[in-house]
Amino acid sequence: MTYSDRGRNLSYQGDYDGASADYEKAVRLDPTNPRTYAGRGTFRMKRHEDTGALSDFETVLRLDRNNVFGYFGRGTIRARKADYDGAIADLNQAIKLRPNFAAAYKSRSEVWEAKGDRKRAEADQKRALRLWAE
């Protein structure tokens, strides 16, 4: 098990200090691994540490332009910051890379809703629910 894996497990167990320490170790040991930054970014995003999470997702995409989690994470953070067009662009790319990524459709649905496009929001919401049911 890597430090990144253990960080994820500790996060699930509610040991946020331990998770944070393990993610930091993972990044120090392998600073070119996009998976490590994606994991830490997701952890930070869940804790609403948006600045750090955004930095991690930017690093993911610098290291791997085809990383679906980099686009999903950055899109989610952009949505939180009301950068709806940026969020849509990132979530579109995540969906392009992984067409069955239900969470990306769900997030994009929320962005469409925030932009006032109820028709697109409902379509994405339905797509997410169908994918989760499969």
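This is a predicted model: local features need pLDDT of at least 70, side-chain atom pairs count only at pLDDT 80 or more; totals for chains, interfaces and linings use all residues.

Author: Start with Asp 50, which lies in helix α4, residues 50–63.

Reader: Why is Asp 50 called buried?

Author: Its relative accessible area is 16%. Buried means under 20%. Asp 50 is therefore buried.

Reader: Which residues is Asp 50 in contact with, leaving aside neighbours within four places in sequence?

Author: They are Met 45, Ile 77, Arg 80 and Lys 81.

Reader: Why is His 48 called exposed?

Author: His 48 has 57% relative accessibility. Exposed means over 50%. So His 48 counts as exposed. His 48 sits in the loop between α3 (34–46) and α4.

Reader: Why is Ala 82 called partly exposed?

Author: Ala 82 has a relative accessible area of 45%. Buried is under 20% and exposed is over 50%, with partly exposed in between. Ala 82 is therefore partly exposed. Its place is the loop between α5 and α6.

Reader: What makes phi of His 48 worth a remark?

Author: Phi of His 48 is near 60 degrees, a positive value in a residue other than glycine. Most residues other than glycine have a negative phi. Ala 82 also has a positive phi, near 65 degrees.

Reader: Which residues touch the most other members of the largest nonpolar core?

Author: Of its 18 residues, they are Phe 72, Ala 94, Phe 101, Ala 104, Tyr 105 and Val 111. The elements giving two or more residues to this core are α5 (68–80), α6 (84–97), α7 (102–115) and α8 (118–133). Leaving aside neighbours within four places in sequence, Ala 94 is in contact with Val 68, Tyr 71, Phe 72 and Ala 104.

Methods
Residues are numbered from 1 along each chain as its sequence is written. Side-chain values use heavy atoms; hydrogens and water are left out. Helices (H or I, at least four residues) and strands (E, at least two) are DSSP runs, numbered from the N terminus. Buried means under 20% relative accessible area, exposed over 50%, partly exposed in between (1.4 Å probe, protein chains only). Contact means heavy atoms within 4.5 Å. A nonpolar core is a set of buried Ala, Val, Leu, Ile, Met, Phe, Trp, Tyr and Cys residues joined through side-chain atoms within 4.5 Å.
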